Amino acid sequence: MTNTGRDQEPETKAVTAGRDASGALSPALWASSTWDTTDVDGTNAGAKSVHASGFYSRYGNPTVQSFEHAIAELEGTEAALAFGSGMGAIASTIFALCSTGDHIVAQRNCYGGTLAFLDGPCKRMGIDVTYVDGRNASEFVAAVRPGKTMLVMAETPTNPHLDIVDLAALGAIKGPYTMVDSTLATPLGQRPCSYGVSLTMHSATKGIAGHNDATLGVIAGEKDLINTIWSYAVLHGATASPFDALNGVRGIRSLGARLRQQSETAQQLAEWLSTHPAIKRVNYPGLASHPQHELAKRQMRWFGSLMSIELCGTTDDARRLSQRLRLVRSAVTLGGPDTLISHSTSSTHISVDPAVKAATGISDTLMRVSVGLEAFADLRDDFAEALA
Ligand SMILES: *Cc1c(COP(=O)(O)O)cnc(C)c1O
């Protein structure tokens, strides 16, 4: 709260979120994997505890909990649970909530790793999945099988096509749990749980940690649901490392400044690339030409660092562009300080069925661009030379 009683802006909250009462401005790095629990009764109390620290680090760790508290505060939820990666968060949440014979409704146009998990391990375990086009929220509702559907999974904006899902429509779905992969938006870009969505998930490897030096995932939601997922996750073991959680908190402190600059530069670059004759199409929710620009404006505070561009030509043109860019590097993450380019069809979406790629706009000339912290003029000149 500010002293006028107004709720603080998210950028302000990010500076202090998750801080404890010790007076330290940064969390301590608790590397310890275990704690002295005094005697048989103390050890027994630890073994029966839920998501508590001071027992064994897979159950809970004070540094990881600083990160979890920070995320819960920014997402406006009761609790959060960190994982060793974004995929650790997705896999653990699905297996915590779904059993053989259960049904999931998932968005067809989402992250390649999520699709591979739904088509591989979920299928093998007898969990049935119905895919829908997330751009039309009524498709999620229509696909729900009462009593069978345990989870409705969405991603917005999507990686790499930047489609937007209507969070209010998703939050209105009753019965199954709803989960939104909000990685591209970050907690300062949108808050899915404020629309009634059950769980917000992030690959904190990306914009949250923000410096390409942590592999980290997180989910946020109501305490009871997070505790239920914890009781499976503690056995699944995709536990967050304290060092990565520390880097997660460090990233949160400067997320407001980074996200603002990345969004501003991405907007300028998207507008400039849209007018370039070698580019067929630019997908960025901040562009008025984006088919869901109005929806994005309603539910997002910033449009984020990620865009994708469709080149005129063939895969060879995509290869040549990646070779000619000098400032912009070829690498597959997003939200960090360096501007990166990647070829989705041969990297993050390599295992996705060609028919699905065609249906979700992942063509051979689609390149994903994660805009970093460099000055716009330098990025523009790099693209201008490489595209010439
Ligand atoms: C990267 C990413 C993931 C997976 O996260 P990892 O930390 O790499 O496991 C999931 N969803 C989206 C949207 C991502 O960009």
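Predicted model: local features only at pLDDT ≥ 70, side-chain atom pairs only at ≥ 80, totals over all residues.
Residues are numbered from 1 along each chain as its sequence is written, and side-chain values use heavy atoms, with hydrogens and water left out.

The ligand is surrounded by 13 residues, of which the closest are M87, D181, S203, T205 and K206, a residue being near the ligand if one of its heavy atoms lies within 4 Å of it. A nitrogen atom of the ligand is placed 2.6 Å from an N or O atom in the side chain of D181, whereas an oxygen atom of the ligand lies 2.8 Å from a polar backbone atom of M87. A polar side-chain atom of K206 is likewise found 2.8 Å from an oxygen atom of the ligand.

In the loop between strand 4 (149–155) and helix 7 (167–171) lies P157, where strands (E, at least two residues) and helices (H or I, at least four) are DSSP runs numbered from the N terminus. P157 is joined to T156 by a cis peptide bond with omega of about -10°. P160 lies in the loop between strand 4 and helix 7, and a cis peptide bond with omega of about 10° joins P160 to N159. L162, also placed in that loop, has a positive phi of about 60° although it is not a glycine.

Note on methods: Polar contact = N/O pair within 3.5 Å; in protein donor to acceptor, adjacent residues only side chain to side chain.
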